Structure formats: structure tokens, C-alpha cells
Amino acid sequence: MGQQLLGKEVTKALNERIMGQVAECKEKGVEPTLCIIRVGENPSDISYEKGATKRCETLGVNCKKILLPETVTQDEVLKTIDEVNKDADIHGVLLFRPLPKHLNQAEIENALVPEKDVDCMTDLSMSGVFTGKKIGFPPCTAQACIEILDHYGIDCTGKRAVVIGRSLVIGKPVAQMLLKKNATVTTCHTRTKDMPSVTKEAEILVVAAGKAGVVDASYVKEGQVVIDVGINVNEEGKLCGDVLYDQVEPVVEMITPVPGGVGSVTTSVLVSHVVEAAMRTIA
């Protein structure tokens, strides 16, 4: 039976660290502030916004909201981005995506200055992930995977890690972050042949396939650490991961549950990036 890597334990430790940093900022006259920009009334955006707002309040971080109609023009969104770029009291910006189809999302994303890009929205921030330079911040979900490994004392050095998924949101950045922690990394994707033979070689398996139940018992072996990034809704209307938990958990050594794993850490990572951005202004 695999040990559950519970997100709440990671979040608790992360929150304690954040509160200490917030106190340090405030002692120096800086109030860490997140600005949330939401276009339209997407229910999932509103749900995440509520969670982020509550987490900010709990940790002493200010949260400003800019709500734009779904019919907003390209120029109006760019003007909003320009205003938050110039506002010295705003340290981090979260723009919900995808944007409505009539907007040029790439242009809007890259209009944000990377030092306020707390969820790796810009190309420059992504370059920071790949070069190891402090340009912006890595994606919050990818960082949450690393926070879990660190909290539970899982040393990546010399380990064989396999990542299922190659998106810019999770797959590619988390592979780079594992490389930075001295793992030997293989990336699997939809064109990978005989994927179970590859994943069984892993000591650390990160599953970010974006499809429920992709990984079953045939993909894993004893002694593995499995990080399930997936958040899906099954036929019964319940949240589930990309891993068939009931099949995989009895085999592996450690595994994140869904819900209660990676997703529960992500919001605290977002806030930690805001606070780090604030600290960089006083360093």
C-alpha cells in the first residue's frame, strides 16, 4: 500500500514560510499584492479566484481584482496590462486563460513584465525555467509538484524520472525543474511507443496527460513515487486524476491523491510567488 503524499501537509509548511516572508516585507514597508485579471464569467475561473482570494487573505497578502467583460477589446486588455505593469504596489499578476477567441492571447500574455508574472504566462518567464535564471516564475502547478517532492524528502539526484505530458503548462517545465534537481528525465507523450515499458523504469513518475485514468497498474512497479497532476471529472461526477488510483496505489511506494494532492498546493505556490516578487523589490 502506497504512502499518500498529502497536499495539505505541504501547504501547511508552505503557508508558514509565506507568513514569515510577508511579515518581513511589511517590516520594510512593502505590502505584497496580487492582481487578478478575469475576462468574462467562466465558472472555473471564478472558483479558482475565490480560492486564491481566500488564501491571500489568510496569509496577509493583498488581492486586487480587475474584472473585464467577455466582449472586451484587445486594446482595452493591453491597456489594463500596461497599467498593472506600471503600478509599483502590484507585485504579481494572474490573468485567467484561455481568453475569448476574438483576443490575441499571445500578444496579451507577453505584454506583462516578467517580474510580475507569477504563473509563467510570458515567454520570458518560460525561458527562465529552461535557463535556470530568475526571470519571472515557473508555472504554479509544476512548482507544486516540486514542493511535494521536497516536503516529503524525496531526493531527485541521480533518480530516473519520467514525465507523461509535454505541455508548456506542466509537462515541459516540470521536466526541466526535475533536471535542475539532478534527475535523469524522460518525457512521454501520445506518440510514445510502449509507454508502460518506459514508465516502469522510473523511480519518480509525474503524470500530466490531461486525461482521466491513463495510467493503470501496468504502467508502474514497486518502489515508485507517483505524482498525479490530473484533475478530471469522471462519469459519476467525481474528481479524479490521470492515474487509476485504486489500481496504482497498492503497487507503488508513494502517490498523490486526487483531490487532495497537487491541486491543493497550487494556490499556496501562487501566493508564494507573489511574496517572492515583493521581496525582490526590496532585496
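At what angle do helix 5 and helix 7 pack, and how far apart are their axes?

## Helix 5 against helix 7

Helix 5 (residues 123–131) and helix 7 pack at an angle of about 35 degrees, and their axes are 8 Å apart; axes here are lines fitted to C-alpha atoms, for helices over the stretch in contact, with angles running from 0 to 180 degrees between N-to-C directions. Helices (H or I, at least four residues) and strands (E, at least two) are DSSP runs, numbered from the N terminus. Met126, Val129 and Phe130 of helix 5 meet Lys172, Pro173, Gln176 and Met177 of helix 7, where contact means heavy atoms within 4.5 Å. By class, this contact has five nonpolar, one polar and one charged residues, with Ala, Val, Leu, Ile, Met, Phe, Trp, Tyr, Cys and Pro counted as nonpolar, Asp, Glu, Lys and Arg as charged, and the others, Gly among them, as polar.

## Basis of the model

The model is predicted, and local features need pLDDT of at least 70, side-chain atom pairs count only at pLDDT 80 or more, while totals for chains, interfaces and linings use all residues. Residues are numbered from 1 along each chain as its sequence is written, and side-chain values use heavy atoms, with hydrogens and water left out.

Six strands, in the order 1-11-8-7-5-6, form an open sheet with parallel pairing; two strands pair if DSSP finds at least two bridges between them. Strand 1 (3–4) and strand 6 (184–188) are the edge strands, each pairing on one side only. Four parallel bridges link strand 7 (residues 204–207) with strand 8 (residues 225–228), and isoleucine 204 stands opposite valine 225 in strand 8.

Helix 6 (residues 140–151) packs on the sheet, touching strand 7 and strand 8, and its direction makes about 150 degrees with that of strand 8. Helix 7 (residues 171–180) also packs there, touching strand 5 (160–164), strand 6 and strand 7, at about 170 degrees to the direction of strand 5.

## The largest pocket

About 1,400 Å³ of space lies in the largest pocket. A pocket is an open set of points on a 1 Å grid over the protein atoms alone, where a 1.4 Å probe fits, with protein on both sides within 12 Å along at least five of seven lines, and lining residues have an atom within 4 Å of a point. Grid points are joined across faces, edges and corners, and a volume is the space filled by probe spheres set on the points. Of the 44 lining residues, Tyr48, Arg97, Asp119, Thr141 and Val169 are the closest to the centre, and helix 2 gives the most, with seven residues.
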